[in-house]
Amino acid sequence: MSMIKEIFKKINMPVFAFNQSKMEKDTGKDDGTFSKPKTTFKDVAGLDEVKEELFELVDFIKNPEKYKKMGATIPKGVLFNGPPGTGKTLLAASVAGETNSAFFNTTGSEFVEKYVGVGAKRVRTLFEKARKESPSIIFIDEIDAIGAKRHLESNNEKDQTLNQLLVEMDGFNKDSNVIIIGATNRLDLLDEALLRPGRFDRHIYIGNPNCYTRHEILKVHTKNKPLEESVNLEELAKKTHGLSGAHLSNIANEAAIMAVRENKSTINKQHFDDAIERILAGLESKNSKLVEREKKIVSYHEAGHALISNLLGINPIQKISIVPRGQALGYVLQLPDEDRFIHTKEELLNKIKILLAGKASEELIFNHTSTGAKDDLKKVSSITDQMICEYGMSSLGSSTIEGNYKNLMVNKIQNESNSIIKECYQETLNLLKKHSEELHLVSNHLFENETLTHDELKDIIKRVYT
Ligand SMILES: Nc1ncnc2c1ncn2[C@@H]1O[C@H](COP(=O)(O)OP(=O)(O)OP(=O)(O)O)[C@@H](O)[C@H]1O
Ligand SMILES: [Zn+2]
């Protein structure tokens, strides 16, 4: 190595900054490394139905001729879907172990690169290598990193990488005997193209283990550990509700470390109990403070919607909830009082106030607003747009504004919209201030019980006035 290169290396600078292939090596792990795992299905505890499904895949890989003779197509892609730490990697490795295949263990993010074409090239290299070593299993953990829906944001590099993956999956030589296993806990994010027949058309859900499976997992992870008789794995399984296989494996390891620390020759019940406590405490301290605060904010947000809706007397509330559902952290269920298509200006303004009340309530109590009001604000904009451009309910006059004319007027429309929203927001804020006692009560009820019905809301409000 030349002196210059040596110096550059020491100060950690890329020497050939303009040479792409060199950069590639510097930024990613060596593509195309593989292993021949010794792991088999015996190492995976529980998950019997999953293993049964995978047995077929194993048979495909071991006896491709048998299936080809029957004209059956060999599956190319299997998708594992489920929360982290539930054994997805372990299962993929054991499929490789069962079939003595080359195991290419990768993560979606390894293919995500700044430079256009680099990710795609990596995919191509990986598949080339896998074909050469076949039978092979390519495992791509967190496949959503490359496989997310393409229309969300146009990203040239990402699109090219995903396209390359699709091309490789389609172009599999029928004789190549390469299976690709993807894993994700966000199936909803994946581009439909990936899920089409002939690609990842088999989906296997792998959830957190139940009590029986937790027992089995604990057995696997204590197999080579000297346990005292006081240790009852079945009891430990009962105590670890909600934990994943990865957590249980950690607990077994942690217990062993504690025994070593105490110079004991065996692991006892106390070691396990302490280990469980440690893992559980770690989970709680990581989440509970944040969750608590978030829950408080959502409570005030939803209480604001509910209270203003009640005060303005339109659309009676059916139920409010702060139990997250889908993307929404909380929601208010409203019954439309009648099916009507005609709204007066006043009604539309009231609707806007109800929508703004979530944000206003947050501002009133916490002096700032969260991102939770995004959807509300979108709806508000669409109402003001209709009021101004379709119903002529603004100072811009009573003619409809559309097409080219609308483009020309865009600034004026924006100003008008802003002033409607500003006025509504101020009124909502004032109303909430005036009724802050109810706001606190409704919010507290939500925080404690997580839901609130129409009758309960009425009761709370009545209490304030009697
Ligand atoms: N069913 C199981 N049987 C035995 N061990 C398990 C099981 N599930 C999880 N484990 C243990 O948890 C560890 C982590 O599991 P693994 O890496 O396979 O999870 P994963 O689902 O791939 O998680 P991630 O999505 O976070 O990568 C494994 O190495 C293993 O020790
Ligand atoms: Zn809201």
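Which residues does T89 touch, not counting residues up to four places away in sequence? In this predicted model, T89 touches F139 and D141 once residues up to four places away in sequence are set aside. T89 lies in helix α5. With 18 other C-beta atoms within 10 Å, T89 is partly exposed, because a residue counts as buried at 20 or more such atoms and as exposed at 12 or fewer.

The ligand has 18 residues around it, of which P84, G87, K88, T89 and G245 come nearest. Two or more residues of this shell are given by each of α5 (88–99), α10 (211–222) and α12 (245–261). By residue class, the shell around ligand 1 divides into nine nonpolar, seven polar and two charged residues. Both domain 1 (31–205) and domain 2 (211–267) contribute to the shell, with at least three residues drawn from each.

P84, another of the residues that come nearest to ligand 1, is found in the loop between β1 (77–81) and α5. P84 is partly exposed, since 13 other C-beta atoms lie within 10 Å and a residue is exposed at 12 or fewer. Leaving aside neighbours within four places in sequence, P84 is in contact with N185 and S244.

The unreviewed UniProt entry lists G82, P83, P84, G85, T86, G87, K88 and T89 under "binding site". Among the residues that come nearest to ligand 1 in the model are P84, G87, K88 and T89, and the UniProt list includes these residues.

How values were computed: Residues numbered from 1 in each chain as written. Chains lettered and ligands numbered in written order. Predicted model: local features only at pLDDT ≥ 70, side-chain atom pairs only at ≥ 80, totals over all residues. Near = placed C-beta within 6 Å. Helix = DSSP H or I, 4+ residues; strand = E, 2+ residues; numbered from the N terminus. Nonpolar A, V, L, I, M, F, W, Y, C, P; charged D, E, K, R; others polar. Domains from an automatic or database assignment. UniProt positions renumbered as here; feature names shortened; annotations may be inferred. Contact = placed C-beta atoms within 7 Å.
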